[in-house]
Amino acid sequence: MNEKMFCYQCQETAGCKGCTMVGVCGKQPDVAAMQDLLVYVSKGLSAVTTALRREGQTIPAGINHLITLNLFTTITNANFDKQRFVEKIKESIKLREQLKQTFLDKGGNPEKITFEGAFWTADSLEE
């Protein structure tokens with residue numbers, strides 16, 4: 001049985017509507033899912049950095065760069081390495097949790113950093 005997917009991440013999508021089995025570019029469903037998850041986790045990390053900035057905190061340049069790199073990695077058809085996506089997801093989750101704790105330690109309201117669904121743990125990813 002073929003895995004189903006929905007990928008609309010590039011200009012090569014079938015019929016300009018999205019690929020549903022295997023990408024026209026050769027991308028497999030598991031990689032498309034990892035790309036989507038990386039975008040989602042990056043949104044969660046961004047929610048925490050935004051809350052910290054509102055509280056006057058400076059975000060390390062490396063985190064800003066990571067978010068940019070995460071997003072670039074998902075829009076290019078040059079990288080279909082599933083393990084690379086898993087590593088970026090884990091790194092992003094780890095940093096998000098560290099920043100989240102910093103925010104809470106400074107008395108921040110947890111509702112200000114909630115991004116529904118993005119609070120996966122690194123252990124929840126299948127290798």
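Contact means heavy atoms within 4.5 Å. The views below show a predicted model, in which local features need pLDDT of at least 70, side-chain atom pairs count only at pLDDT 80 or more, and totals for chains, interfaces and linings use all residues. Residues are numbered from 1 along each chain as its sequence is written, and side-chain values use heavy atoms, with hydrogens and water left out.

**View 1. The protein chain has three helices and zero strands.** Helices (H or I, at least four residues) and strands (E, at least two) are DSSP runs, numbered from the N terminus. In sequence order the pattern is α-α-α. Of contacts between residues at least 6 apart in sequence, 60% join residues at least 24 apart. Buried residues (under 20% relative accessible area, 1.4 Å probe, protein chains only) account for 37% of the 127 residues.

**View 2. Helix 1 has 26 residues.** From first C-alpha to last, helix 1 reaches 38 Å, close to the 38 Å expected at 1.5 Å a residue; the expected span is 1.5 Å times one less than the number of residues. Glycine 56, with a positive phi near 85°, follows helix 1.

**View 3. Helix 1 (residues 29-54) meets helix 2 (residues 61-75).** Their axes, lines fitted to C-alpha atoms over the stretch in contact, with angles from 0 to 180 degrees between N-to-C directions, come within 10 Å and cross at roughly 155°. This makes helix 1 roughly antiparallel to helix 2, a label for angles over 145 degrees. The crossing is left-handed, meaning that the near helix is turned anticlockwise from the far one by less than a right angle. Residues of helix 1 in the contact include Leu38, Val39, Ser42 and Arg53, and those of helix 2 include Ile63, Leu66, Asn70 and Thr74. By class, this contact has seven nonpolar, eight polar and one charged residues. Ala, Val, Leu, Ile, Met, Phe, Trp, Tyr, Cys and Pro count as nonpolar, Asp, Glu, Lys and Arg as charged, and the others, Gly among them, as polar.

**View 4. Helix 1 packs with helix 3 at an angle of about 20°.** The axes of these helices are 9 Å apart. Helix 1 is therefore roughly parallel to helix 3, the label for angles under 35 degrees. Helix 1 passes helix 3 in a left-handed crossing. The contact has 16 nonpolar, five polar and five charged residues.

**View 5. Lysine 88 lies in helix 3 (residues 82-105).** Lysine 88 counts as buried because its relative accessibility is 11%. Apart from neighbours within four places in sequence, lysine 88 is in contact with Leu38, Leu66, Leu69 and Asn70.

Technical notes
Angles under 35 degrees count as roughly parallel, over 145 as roughly antiparallel, 65 to 115 as roughly perpendicular and the rest as oblique. Buried means under 20% relative accessible area, exposed over 50%, partly exposed in between (1.4 Å probe, protein chains only).
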